[in-house]
Amino acid sequence: MDNSNRVVALSIRTTSEPSSPDPVDPYGFERPEDFDYDTYEEFMSKYLRVLVWRASRWQSLLGEKPVVKRSTKLKRFIRKGIPTEHRTLVWMVLSGAFQHMNDRPGQYKELLNRECDPRVIDAIVQDLGRTFPDNVNFSDDNSNNMKKPLNNVLVAFANHCPRVGYCQGLNFVAGLLLVIVKDEEKVFWLMDSLLNHILPDYYGPGMPGLKTDQYVLGELVKKKIPDLYNHFDREGMTWALTTTRWFVCLFIDVLPIETVLRIWDCVFNEGSKVVFRVALMILITHKQQFLSANSLPAIVETFKRVTQASIECHEFMTQVFKVSQPLPMSLVQKLRNGEQLSMMVIPQNEPRNTH
C-alpha cells in the first residue's frame with residue numbers, strides 16, 4: 001500500500017534530511033523517508049493552537065460527564081473536527097452503535113464464537129497481512145499488534161451479516177476504526193452502523209450500492225461541472241476505474257489520515273452524502289488539471305496526483321462544505337432511486353463477494 005497519504009494533516013514530500021527522529025505519526029503510520037519534518041512542524045505549530053482551542057470548546061459543549069445530543073451547534077463543531085479524546089464517544093452515539101451495543105449485550109462474543117464459513121476465514125486471513133503494513137499497530141514485530149482484534153471483528157461481522165460475508169476493503173475500514181477506538185466490540189458495532197445503516201450496499205454481492213452511488217456521482221458532476229463530465233465521457237473514463245476506493249475505503253489511502261478522520265467525523269453524523277461532497281470538492285477544485293489531461297491514462301494519473309498533493313485538513317474540510325453547495329439529500333435519493341429502478345429492469349452480471 002502507498003503510504004504517501006499517511007501523513008497527519010499534510011502530505012508533504014522533499015529530498016531534505018528530516019529534522020526529527022520520530023519515524024511514525026501519532027496513529028502509528030511510518031513516515032516516508034523523504035518526509036519534510038520542518039514544514040510539517042511549522043504547520044503543526046499553528047494547527048496545534050487550533051486543536052487546543054477546539055478541545056476547550058468541546059469540553060464546554062459536552063460537559064464534565066460528556067453527553068452527546070444532536071444539534072445545529074454540534075453539527076458545526078463536528079465539521080470543524082472532533083478532538084481525539086472525544087472521537088470514540090461521539091462516533092458511537094451519533095452512529096447508533098452505542099445504543100445497538102447496549103441493546104444486545106453479549107451478541108458480539110456470541111457471533112465471534114459462532115462457526116464461520118471457511119472460505120470467509122481464508123479470505124480474512126489472507127488480507128490481515130495486507131492491512132496497513134506500514135503501521136506499527138499491525139506489525140508482526142509488535143507483540144501486541146492489532147491483527148487478532150482485526151480478525152475477530154471481521155469474523156464476527158461476517159457471521160452477523162452473512163449476505164456480505166467479507167469483502168476486500170472492510171479490513172481497512174475495520175483496521176482504522178481499531179487504531180482510533182482500540183476496542184474490538186465497539187469497532188464491531190461501529191461497522192454494523194456504518195455498513196448496515198449509514199452507507200448504501202457497497203459491500204454486498206454485486207456491490208449494488210457502490211455502483212448506484214458511482215452513477216449518482218456522475219449525474220452530480222453532469223449537473224455541477226458539465227464540461228468536466230463531457231471531458232471524462234469523451235476520454236472513456238469510468239467512475240468505477242477512478243473512484244471505487246473513495247467509496248469502499250472511505251478515502252483511506254486516498255487522502256492524508258487526518259483528513260480521512262475529519263471526513264469520517266461528518267459521515268457518522270451526516271451520513272453518506274458527505275462522501276459525495278468530498279468527491280465533488282476534489283473534482284471542482286482540480287477541474288483545470290483534469291481538463292488538461294488529454295487521455296485516459298493521464299486522467300487516471302491526475303486522480304492520483306491531486307489527492308497526493310499537500311493538503312491541510314482544516315482548509316480541505318472548509319472547502320468540502322463550501323464548494324459542493326447546494327446538495328440536498330432529496331436530490332441524492334432521487335438519483336439513487338432512479339438508478340436502482342434501472343438496475344432492477346436491466347439485470348447485470350456482477351462479480352461476487354467472498355461469502
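Modeller: Phe132 sits in the loop between α6 (118-128) and α7 (147-160), where helices (H or I, at least four residues) and strands (E, at least two) are DSSP runs numbered from the N terminus. The model is a predicted one, in which local features need pLDDT of at least 70 and side-chain atom pairs count only at pLDDT 80 or more, whereas totals for chains, interfaces and linings use all residues. Residues are numbered from 1 along each chain as its sequence is written, and side-chain values use heavy atoms, with hydrogens and water left out.

The phi of Phe132 is near 45 degrees, a positive value in a residue other than glycine. Most residues other than glycine have a negative phi, and most peptide bonds are trans. Phe132 is also buried, with a relative accessible area of 0%; buried means under 20% relative accessible area, exposed over 50%, and partly exposed in between, with a 1.4 Å probe and protein chains only.

Leu250 also has a positive phi in a residue other than glycine, near 50 degrees, and its place is in the loop between α12 (239-248) and α13 (257-270). Leu250 is buried, with a relative accessible area of 2%. A further backbone feature concerns the peptide bond from Gln325 to Pro326, which is cis, with omega near -15 degrees; Pro326 belongs to the loop between α17 (313-323) and α18 (329-345).

Helix α13 contains Thr259, which is buried with a relative accessible area of 0%. Leaving aside neighbours within four places in sequence, Thr259 is in contact (heavy atoms within 4.5 Å) with Ile311, Cys313 and Phe316. Thr259 and Met317 are 58 residues apart in sequence, yet 7.7 Å separates them in space, C-alpha to C-alpha.

As for helix packing, two packed helices are described by the angle between their axes and the distance between the axes. Here axes are lines fitted to C-alpha atoms, for helices over the stretch in contact, and angles run from 0 to 180 degrees between N-to-C directions. The axes of α10 (residues 208-224) and α14 (residues 273-285) come within 11 Å and cross at roughly 45 degrees, which makes α10 oblique to α14; angles under 35 degrees count as roughly parallel, over 145 as roughly antiparallel, 65 to 115 as roughly perpendicular and the rest as oblique. On the α10 side the contact is made by Asp213, Val216, Leu217, Leu220, Val221 and Lys224, and on the α14 side by Phe276, Ala279, Leu280 and Leu283. By class, this contact of α10 with α14 has 8 nonpolar, no polar and 2 charged residues, where Ala, Val, Leu, Ile, Met, Phe, Trp, Tyr, Cys and Pro count as nonpolar, Asp, Glu, Lys and Arg as charged, and the others, Gly among them, as polar.

For α1 (residues 37-62) and α3 (residues 84-95), the axes come within 10 Å and cross at roughly 40 degrees, and the two helices are therefore oblique to each other. Ala55, Trp58, Gln59 and Leu62 of α1 meet Glu85, His86 and Val90 of α3, a contact with 4 nonpolar, 2 polar and 1 charged residues.

Over the whole chain there are 18 helices and 0 strands, and 54% of the 355 residues count as buried.
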